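Visitor: I would like a brisk tour of this structure. Please give the cut-offs as we go.

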Amino acid sequence: MSSTSSSSTSSSSSSPTAVPATAFGVEDEEAAMGKRPRPVAPRGLHPALHICNWIFFSNLTILFNKWILDSAGFRYPILLTCWHLVFATLATQLLARTTTLLDSRHKLPITPRLYLRTICPIGLLYSGSLVCSNLVYLYLSVAFIQMLKSAAPVAVLFTSWAWRVADPSLAALLNILVIVAGVALASFGEIQFSMVGFLYQIGGIAFEAVRVVMIQVMLSGEGLKMDPLVGLYYYAPVCAVMNVLVALPSEVPRFQWEDLTHVGFGMLFLNAGVAFLLNIASVFLIGKTSGLVMTLTGIFKNILLIIVSIIIWRTEITLLQGVGYSIALAGLTYYSVGYDQLARGASVAIAWSAGALGPASTRGRSASALNTRRLFLVAGFAICGLFIVITALRHYDPKARTPFSMPAFFGTE
């Protein structure tokens with residue numbers, strides 16, 4: 001689980017951590033080229049619904065946190081993170097006793113010694129990642145934060161090399177240099193750059209990178225495997241206690257009840273509930289999709305989040321930022337998917353497109369071909385629409401009053 005910006009999952013988290021995707025199977029290629037019928041999908045919701053569900057809750061959590069901490073004036077990110085973790089602790093305990101979502105925890109041989117040696121250190125790093133991820137909302141825009149998060153795989157790779165979990169390679173080094181160059185261009189192009197916010201975001205990325213590697217080293221070394229919800233079941237209490245200890249000298253002395261009543265208890269409860277539902281959505285997403293789908297979904301989610309945040313808070317994006325972020329995304333996609341996957345996926349897509357869009361008799365048209373044509377048409381219109389929106393926003397005057405201005409609920413930067 002990555003760290004998505006949310007207070008109960010890492011950015012993105014919030015999104016699942018980008019990992020090398022699972023290869024296309026021979027059955028997938030033959031099915032896409034029409035040489036073999038597609039296997040019957042298992043019963044349950046379609047994977048596309050789980051993808052949309054995860055995108056919705058992930059982006060909603062990030063936007064909700066930004067609104068509470070910045071626009072609504074509740075400038076206590078550590079206390080907000082602590083509240084999320086207390087809520088997650090109570091919710092996971094309730095789910096463990098009333099549902100089967102956390103039954104996999106019974107297969108884990110968690111002993112007090114193992115808990116202190118593995119869960120606690122990972123929980124402390126998780127707490128640091130969450131606190132930094134929320135502190136940065138006080139200084140940077142959502143769009144720029146998402147651009148900086150593109151550098152997360154770079155930190156994970158360097159940490160893996162330092163812990164000797166992975167062997168250094170020239171190809172990987174060149175790939176991450178492309179990502180770093182793209183993020184650097186995006187940073188140079190940021191109009192309202194804050195060094196404090198930048199350092200907080202880098203700190204959150206570093207905490208999350210060490211946490212990911214420690215999970216691989218400690219839990220995998222013990223033969224343990226946790227889904228995001230079971231991990232939250234064990235990590236949330238540790239993180240909550242850690243955040244209380246940090247908040248006591250830093251935020252509690254200056255805390256004012258007026259700020260709490262201004263936001264509203266109901267709004268804070270809803271915010272914690274949305275953040276917790278993101279963890280449940282992540283569990284179902286991991287069980288229904290492949291690594292390739294999760295990687296591409298995470299990239300699309302970040303792009304969508306940037307566009308929505310620009311519309312809500314009227315954040316100005318420079319051309320240099322757009323170019324830098326595009327370079328970083330290209331490097332991130334290549335790093336996460338790999339050349340073989342991209343080449344194979346492109347060949348499958350071309351073959352599928354040729355079969356669906358090529359000339360065919362009325363009798364030979366199948367329902368799948370018609371659906372594919374519709375899909376390409378919708379995707380084409382969506383891409384054109386996004387291009388028009390981004391172009392229009394570059395010439396948008398935030399001070400001008402328009403009938404399409406956002407309601408006061410969303411606040412302004």
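The turns below go through the chain as a whole, then salt bridges, rings and surface.

Guide: This is a predicted model: local features need pLDDT of at least 70, side-chain atom pairs count only at pLDDT 80 or more, and totals for chains, interfaces and linings use all residues. Residues are numbered from 1 along each chain as its sequence is written, and side-chain values use heavy atoms, with hydrogens and water left out.

Visitor: How many helices and strands does the chain have?

Guide: Helices (H or I, at least four residues) and strands (E, at least two) are DSSP runs, numbered from the N terminus. By that rule the chain has 15 helices and zero strands.

Visitor: What percentage of the residues count as buried?

Guide: Buried means under 20% relative accessible area, exposed over 50%, and partly exposed in between (1.4 Å probe, protein chains only). The chain has 413 residues, and the buried share is 46%.

Visitor: Which residues are linked in a network of salt bridges?

Guide: A salt bridge needs a side-chain nitrogen of Lys or Arg within 4 Å of a carboxyl oxygen of Asp or Glu. Lys66 bridges to Asp70 at 3.0 Å, N to O, and Arg75 bridges to Asp70 with its closest N and O atoms 3.7 Å apart. The network therefore links Lys66, Asp70 and Arg75.

Visitor: Is Lys66 buried or exposed?

Guide: Lys66 lies in helix α2 (residues 47-71), four residues from Asp70, about one turn of the helix. Arg75, with a relative accessible area of 36%, is partly exposed. Lys66 has 1% relative accessibility, so it counts as buried.

Visitor: Which residue forms a salt bridge with Arg211?

Guide: Arg211 is buried, with a relative accessible area of 3%. The closest N and O atoms are 2.8 Å apart, and the residue is Glu208.

Visitor: Over the face of which residue does Arg211 lie?

Guide: A charge sits over a ring if NZ of Lys or CZ of Arg is within 6 Å of the ring centre and within 35 degrees of the ring normal. Arg211 is 4.5 Å from the ring centre of Tyr126.

Visitor: Why is the pair of Tyr233 and Tyr234 edge-to-face?

Guide: Rings of Phe, Tyr and Trp (its six-membered ring) pair if their centres lie within 6.5 Å; planes under 30 degrees apart count as stacked, over 60 as edge-to-face and the rest as tilted. The whole structure holds 15 aromatic pairs. In this one the centres are 5.0 Å apart, and the pair is edge-to-face because the planes stand at 90°.

Visitor: What sits over the ring of Tyr233?

Guide: Tyr233 and Tyr234 are both buried. At 5.3 Å from the centre of the Tyr233 ring lies the charged end of Arg105.

Visitor: What accessible area does the nonpolar patch have?

Guide: Patches are made of residues with over 30% relative accessible area and no salt bridge: like charges are joined within 9 Å, nonpolar side chains (Val, Leu, Ile, Met, Phe, Trp, Tyr) within 5 Å. Areas come from the Shrake-Rupley method with a 1.4 Å probe; for residues, only the protein chains shown count as cover. One member, Leu248, is partly exposed at 47% relative accessibility. Together Val241, Val244, Leu245, Leu248 and Val252 have about 420 Å².
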